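Subject: Structure handover and notes

Dear colleague,

Please find the structure below, together with the notes that I promised to write on it. I have kept to what was computed from the atoms, and I would be glad if you read the text with the model open beside you.

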Amino acid sequence: MNTRSSEFLSGTFLTACALFFWKSSGHLHLGSLTSMGPGYFPRLLSIMLGGIGIVLVVRGLRAGDTVTGASISAVPVIFATAIFGFLIEPLGLLVASAAMVAIASLSMRTTLPQTLALSVASAAIAGTLSWGIGLPLPLLPPALLN
Amino acid sequence: MDIFDGLAIGFASALVPVNLGLCAAGVLTGMLVGVLPGFGTATAFSLLLPMTFYFPPTGALIMLAGIYYGAQYGGTITSVLLRIPGEVSTVVTTIDGHEMAKKGRAGAALTIAAVGSFFAGCVSTALIALLLTPLSQLALKFSPADYCSLMVLGLTMTVIVANGSLLSAAGMAILGVLTGLIGYDLGTGIPRFTFGILELADGLSIVAVVMGMFGLTEVLLALEERRETHAEKLGSLWPSKSEWKRASGAILRGTALGSVLGVIPGGGALLSSFAAYALEKRVSKRPQDFGKGAVEGVAGPESANNAGAQTSLIPLLAFGIPGNVVMALMVGALMIQGITPGPGLWSKHPDLFWGFIVSMWIGNLMLLVLNVPLVGIWVKLLSVPYRVLFPFIALSLAFGAYSLSNSTFDGLVVAFFGLFGYACLKLKLEVVPFVLGFFLGPMLEENFRRTLLLSSGDPSIFFTKPISATLLCVAALIVFFIVRSRAR
């Protein structure tokens, strides 16, 4: 039994998604084929997806390749991307860009001077871009300006 | 209104100096963004889309066309020089294109790609101009059942192109549809899968989803592979006589193939380029050259890719159904300008419509003209090491997502889908069917509902309506043949 095969894992994933959508549509009115309620289509699709998922799981258990994983080094980049938007308002675009790039470069093997240079450069580029396109984003931290 | 009137109107509105300037600006910025590894046409398009809001519709459309071509070509540059597909549809170009680069023929590869694309663009623009009127008339005859079947055919085609298991690709298409249903159900006004999150009321932003799944995923992939950069030497820019000779046949074949496949929703550039590569390999007198720098392996797919991309405008303009991700973004762009693509477009806004067609052609020409002096610069840009480049890319993605609708939530969406896309890649799940399913989801449901309402719950209507029946049969036949050839 190969539980690290891509088919097994992808099948499990798809089945899990199917279950998720199934459960989340539980409260929706089904209606009939003639007048479909909001729950009809999602439930129909969830069943189909679940079916496919199960077939893949079964197939995957029998054979298949092994999946290689990712490392924890991916986390800073993802984190930085996620929070960037939230940083703009309190910190202003320039600082937010610099901070975001600094955090993201934790994912790569940059040295400290490189990181600093990157942060400054990206702040400059982001600022120019924003100003050039005419985006109404605060460049400097509002706290400083008050 | 006949074609020549239309083209006249188009050229009149497009050839204003301001618009030409916008086109050039679009091409340049498109190339600048598209050439960055990890930035495909979809990403470049979404990032640069907000720029066009500030211009009147015709100017904005022309700029969009420029951006589109610039970004496509930027993707080609990355594919040839770095062996990284800068854009989904240039995946095939990486195979022989990069081999040519290793032999010092990068300039030749890039030039042939540009010329081939231009030729294909001319032919397919003509096709759009010629076929759109008859197709639009046909579109008005489409009933909800026919639309449904058309969308199913489109999804089927994206599933077929899948590298891995057809079943998992089908699963991804369905998952995409389900994800597309997140938000308020327009038919009944009931929120679905929103869990009380206000930002989800309108559903997920396709731009954020695409930026995550194509842009951020690329970053994660590069991280895992611990990529560095190495740009190749350019050599002379001009292809040799024999290269031209071999390429010309490939260009013609690629154009034909792309023009046909592009019209089918779900077909478009990606499918065309793969099909062209396969075709070239089969008809070549020297198949052993493929994979080692055969110029046909660049010329054919690049032409097909462009022809397919152009003709995929036909279902978009005629039916309002995007054939692929970039077209989906194009719909968004058009709608923001107040234009709803669909059967009525060309009659209600002929100047916009023809202006758009013409500007696609101008964008194509502009690309060819600007390409020659600029390639050298792009290469320098690409020799920046990844560890410097990628924080910028991540910033760009996050910034673009945020700036599109001033939404901090979209940054989360990008991050989430970056992870999602990466997981899918690891699990060998296809992302293309997912994205098309995502976009078509709400439309599919609406038409499905209407069909059954009109037929009083009788599902056989899908087979009794002639258009619908034909489309479903085509889909079934394609599936049958592909499954059979795979089983061998």
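**The two chains**

In chain A, among contacts (heavy atoms within 4.5 Å) between residues at least 6 apart in sequence, 66% join residues at least 24 apart. For chain B, residues 24 or more positions apart account for 79% of the contacts with a separation of 6 or more.

Please bear in mind that this is a predicted model, in which local features need pLDDT of at least 70 and side-chain atom pairs count only at pLDDT 80 or more, while totals for chains, interfaces and linings use all residues. Residues are numbered from 1 along each chain as its sequence is written, chains are lettered from A and ligands numbered from 1 in the order in which they are written, and side-chain values use heavy atoms, with hydrogens and water left out.

Chain A has five helices and zero strands, where helices are DSSP runs of H or I with at least four residues and strands are runs of E with at least two, numbered from the N terminus. Chain B, for its part, holds 21 helices and two strands. Of the 146 residues of chain A, 46% count as buried, and in chain B buried residues make up 63% of the 488; here buried means under 20% relative accessible area, exposed over 50%, and partly exposed in between, with a 1.4 Å probe and protein chains only. Chain A exposes about 7,300 Å², with carbon and sulfur atoms supplying 74% of it, and the accessible surface of chain B comes to about 17,300 Å², of which 69% belongs to carbon and sulfur atoms (Shrake-Rupley method with a 1.4 Å probe; for residues, only the protein chains shown count as cover).

**Helix α1 of chain A and its partners**

The axes of α1(A) (residues 6-24) and α2(A) (residues 40-62) come within 7 Å and cross at roughly 160°, the axes being lines fitted to C-alpha atoms, for helices over the stretch in contact, with angles from 0 to 180 degrees between N-to-C directions. That angle makes α1(A) roughly antiparallel to α2(A) (under 35 degrees counts as roughly parallel, over 145 as roughly antiparallel, 65 to 115 as roughly perpendicular and the rest as oblique). Among the residues that make this contact are Phe8(A), Leu14(A) and Trp22(A) of α1(A), and Ile47(A), Leu56(A) and Arg59(A) of α2(A).

Across to chain B, the axes of α1(A) and α8(B) (residues 166-180) come within 11 Å and cross at roughly 25°, and the two helices are therefore roughly parallel to each other. Phe13(A), Leu14(A), Cys17(A) and Phe21(A) meet Ser168(B), Gly171(B), Met172(B), Leu175(B), Leu178(B) and Thr179(B) in this contact.

Glu243(B) lies in helix α10 (residues 241-263) and is buried, with a relative accessible area of 12%. Leaving aside neighbours within four places in sequence, Glu243(B) is in contact with Met100(B), Arg105(B), Ala108(B), Ile112(B) and Val295(B).

Most residues other than glycine have a negative phi. Lys428(B), however, has a positive phi near 60°; Lys428(B) lies in the loop between α18 (408-426) and α19 (431-454) and is partly exposed at 45% relative accessibility.
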